[in-house]
Amino acid sequence: MDSDGLSRALLTVSEKNSLPVVTDLCEVVLKLLANLLEEPSNPKFRTLRGRNPALQAKLWGVRGGPELMRSLGWVTKVRDMEELWEFFPGQDTSKEQQEVLRKAVGKLQKLLEVSQGKARA
């Protein structure tokens, strides 16, 4: 996981997208990370489909979204002619990785609070 990459991706997300888009992205990524932290070895939470319509609209199609996921340890793979995003494929989630994910959750929550506050103003 790349903390500099995470900071750059979050900056891109916040500067290059509208407030509702930033809010949606934060909510989706926070849910994905919560699932990973709760059940780190569950393959259902470790693999995401690139063509998933909700993820396409709220994550993959958002400026900075793919970079954010890469900075968190997700990598793209093609299997059976389908793009998949896998979280550290072939590895169990280490305690160190979980700690980095928790820190990322804190940064995402802060960005979500800022975007929601600006939207109300």
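What follows is a working chat about aromatic pairs, a sheet and one arginine in a predicted model.

Trainee: Since this is a predicted model, let me start with the rings: how many aromatic pairs does the structure hold?

Mentor: The structure holds three aromatic pairs, and one of them is formed by W60 and W85, whose rings are stacked with 4.3 Å from centre to centre and 15° between the planes.

Trainee: Is W60 buried or exposed, and why do you say that?

Mentor: W60 counts as buried because its relative accessible area is 10%, which is judged against a cut-off of under 20%. W85 is buried as well, with a relative accessible area of 3%.

Trainee: OK, what about F87 and F88, which arrangement does that aromatic pair have?

Mentor: F87 and F88 form an edge-to-face pair, with 5.0 Å between the centres and 85° between the planes. Both F87 and F88 are buried, and ring pairs join these two residues and W74 into a cluster.

Trainee: Switching to the sheet, what is the strand order?

Mentor: The sheet is open and has three strands in the order 1-3-2, with antiparallel pairing. Strand 1 (47-49) and strand 2 (74-79) each have a single partner strand, and therefore one side of each is left without a neighbour in the sheet. On average, and with direction ignored, neighbouring strands of this sheet are turned by 30° against each other.

Trainee: How many bridges are there between strand 2 and strand 3?

Mentor: Strand 2 and strand 3 pair over six bridges in the antiparallel sense, and R79 stands opposite E82, which is in strand 3.

Trainee: Last topic, R46: which helix is that in, and is R46 buried or exposed?

Mentor: R46 lies in helix 3, residues 43-46, and R46 is buried, with a relative accessible area of 10%.

Trainee: So what does the side chain of R46 reach?

Mentor: The side chain of R46 reaches the backbone oxygen of P40 at 2.8 Å.

Trainee: And which residues does R46 touch, leaving out those up to four places away in sequence?

Mentor: With that exclusion, the residues that R46 touches include W74, F87 and F88, which are the members of the ring cluster. Also among the contacts of R46 are W85, E86, L36, Q91, D92 and T93, and W85 is the partner of W60 in the stacked pair.

Note on methods:
Residues numbered from 1 in each chain as written. Predicted model: local features only at pLDDT ≥ 70, side-chain atom pairs only at ≥ 80, totals over all residues. Heavy atoms only, no water. Phe/Tyr/Trp six-rings, centres within 6.5 Å; stacked < 30°, edge-to-face > 60°. Buried < 20%, exposed > 50% of the residue type's maximum accessible area, 1.4 Å probe, protein only. Pairing = 2+ DSSP bridges. Helix = DSSP H or I, 4+ residues; strand = E, 2+ residues; numbered from the N terminus. Axes fitted to C-alpha atoms, helices over the stretch in contact; angles between N-to-C directions. Polar contact = N/O pair within 3.5 Å; in protein donor to acceptor, adjacent residues only side chain to side chain. Contact = heavy atoms within 4.5 Å.
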